[in-house]
Amino acid sequence: MEKKKNYEQELLEWQWEQIKLRKKYRTTPPGFQDKEMEHRVVWRWKEDVARFRKKCRHTLISSEIFSKEPFAGRDEELFLIKKSLEEQSGPVVLYGIGGIGKSALAREYIRRYGRPYDHILYLSFQTTLQNLISDDFDVCISNLQYDKDVYESKRKYFFAKYKLLKEIGEKGKLLVVIDDFNAERDRDMKEIFSLPCHMIVTTRRNPSVWGIHQGIHVEALRKDEWTDFVRCYHREEFTGGEWKDFEAYRKKVQGHTLLMQQKLKNPEENFSGIGEFQRDLFKRIPLKKEQKQAMTYLSIMPVQGIPRKMFLTISGVSEQTLDQLTGCILVQQVYSGSWQDEMLFLHPIIAKAAREIFQPSADNCRQLIRGFGDYLRGDEAEQGCAWDHIYRDNQKMESYVFAFIKAFPKPAPWLAEAFDELVTLLWIQGYYKEAEQYSKALYESVEEYYGECHQITGWMALRLGAVYHNSRSYEQSKEWYTRGVHILESCKPFNKNHPQWLASGYYKAARLLWHEGDMDGAKEAIDKGLAVQSGFLEGFEEITESLVIRNDRSMAYLLLEKGRILLHRGEIDEAERICQELFRKYSEKPVMERFRINEFTDPGVDGEGKV
């Protein structure tokens, strides 16, 4: 099947045909009058072609690798990785128990042997290989970005991106590291593992479960490597007696790297093994209340961590607390150029221990959940993402959304608005299936908690309708919008948001009726919405500026929709009157920053009344 040409390509081809005609008919007015004119036109055309080709060229942007980190020994393993990559096809799998140093070994390989590679991807596995590769933030290819109108689904985009990665691997030297890939199976393993590139996979599983029998078992450091290891974490030289105690402890824990790090930083603590370490870590290292809270929050974060500034914003944890936790290596901190910030993360073993001891729940993480919801929604400082940022910027937040969903598979109804922000970002980013599943879980949780006829239940029905609407499942969207409006019409107001939520329901109902061609029904619905919204401010004793802006914005949306409905009903004069009234009323207010005149004329623009 012939590849579809875009408009710019067709235009360039058409221009070349025009140039050929002008060459052929030099004696006619459109023809080239002389060679100099011909050369100028051809030269400009070639420049346009070069710009077009550059714009269409796909270049893989390499991952940023953490700067130098404490590392000792492993020379034999590093040599074996290098040799295996050069001699065998498929991935080199580094496997071993958690905390033994697999990820650090993969990163050190990149630092030592990464120079000859044209491109390097260091990816932290979260949910599926499809989501891993489809992420345009971590796997960034120039002039390529997910667009639901072009690719229809994330699945199609995954295969388009996989094909490009394959081409890039065939043309240059590519290294891909997939860190912490502990899935038993994944439907895309065969395709990803067969990419024409060097690949390193770190896992706690024996690779034989994937049908791969050539793995490198990462074990404890050898005896001769411990001196350098100690110097990485302990500035002062050991005395003879201290070395003896250290050696005894090393044998006791069988040289487990993470336990040895903790021993060097917390010499008074002793653990007999990884099981005891996980069970007793937070008993033996006493933490204050806020430190425990910070560990609870960080335990549910993605493996790559979270930017320090973001964490401080959404958690309410103090900088002093973070400094205390990083000081004893419970929390690790490494600078990230892509975030322009320090990344906070827990070692997977410590994260697992924190989850088992502190047991994160919607209740003890409510501050974090609310804070993250506010962060996604954004504020005056524009720190959030979902609505006003480009697709790729929002992708930075995807791993955190999935982390919250994994941690709280049944969302808490009393935090419905915060959990709804997770759903919103999912469908904005094209994860319609995931958005639908989680939105349904949220609706069911709310209905079970508040009842079938409640304001919150009605609002969540509207939100589920929005998920279906944006995935173009219009019949299901109509069903849920209708249900939401009916509930909000029937229930008693629960809080002062009721008029605005009901007005929003009428707005969505009007939009659906407009699409179905029922202009009379659409006008009736939008008039109901305007009537309800007009009484929104009456429910507040104190009218703040933020409330006025919120009300004005909702009124503006409703009036614009009414103008559009009237325009399609043929009532052009009335439609234009509404638009001009809206423009005059709100043009000097903050609410109009997101609006512009589009379907109507504006007599104030120029003397002839043209836009």
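Two strands count as paired if DSSP finds at least two bridges between them, and strands themselves are DSSP runs of E with at least two residues, just as helices are runs of H or I with at least four, both numbered from the N terminus. The model is predicted, so local features need pLDDT of at least 70 and side-chain atom pairs count only at pLDDT 80 or more, while totals for chains, interfaces and linings use all residues. Residues are numbered from 1 along each chain as its sequence is written, and side-chain values use heavy atoms, with hydrogens and water left out.

**Exercise 1. Describe the open sheet and the pairing of β3 with β5.**

Start with the inventory: the protein chain holds 26 helices and 10 strands. Next, find the sheet, in which 5 strands follow the order β3-β5-β6-β2-β7 with parallel pairing. Its edge strands are β3 (119-124) and β7 (215-217), each of which pairs on one side only. Neighbouring strands of this sheet are turned by 15° against each other on average, with direction ignored. Finally, look at one pair in detail: β3 and β5 (residues 174-179) are joined in the parallel sense over 6 bridges, and the bridge partner of His-119 in β5 is Leu-174.

**Exercise 2. Locate helix α4 relative to the strands.**

Helix α4 (residues 102-113) lies across β2 (92-95), β3, β5 and β6 (198-203). Its direction can then be compared with β6, to which α4 runs at about 160°; such angles run from 0 to 180 degrees between N-to-C directions, and axes are lines fitted to C-alpha atoms, for helices over the stretch in contact.

**Exercise 3. Work out how α19 and α20 are arranged.**

Take the angle and distance first: α19 (residues 416-428) and α20 (residues 432-450) pack at about 165°, with their axes 8 Å apart. The two helices are therefore roughly antiparallel to each other, a term for angles over 145 degrees. Then list the residues that touch, where contact means heavy atoms within 4.5 Å: in α19 they include Phe-419, Leu-422 and Trp-427, and in α20 they include Tyr-432, Tyr-438 and Leu-442.

**Exercise 4. Determine which residues of α16 are buried, and what follows the helix.**

Buried means under 20% relative accessible area, with a 1.4 Å probe and protein chains only. By this cut-off, the buried residues of α16 (residues 348-358) are Ile-349, Ile-350, Ala-351, Ala-353, Ala-354 and Phe-358. Just after α16, Gln-359 takes a positive phi of about 45°. For the chain as a whole, buried residues make up 50% of the 611 residues.

Note on methods: Parallel < 35°, antiparallel > 145°, perpendicular 65-115°, else oblique.
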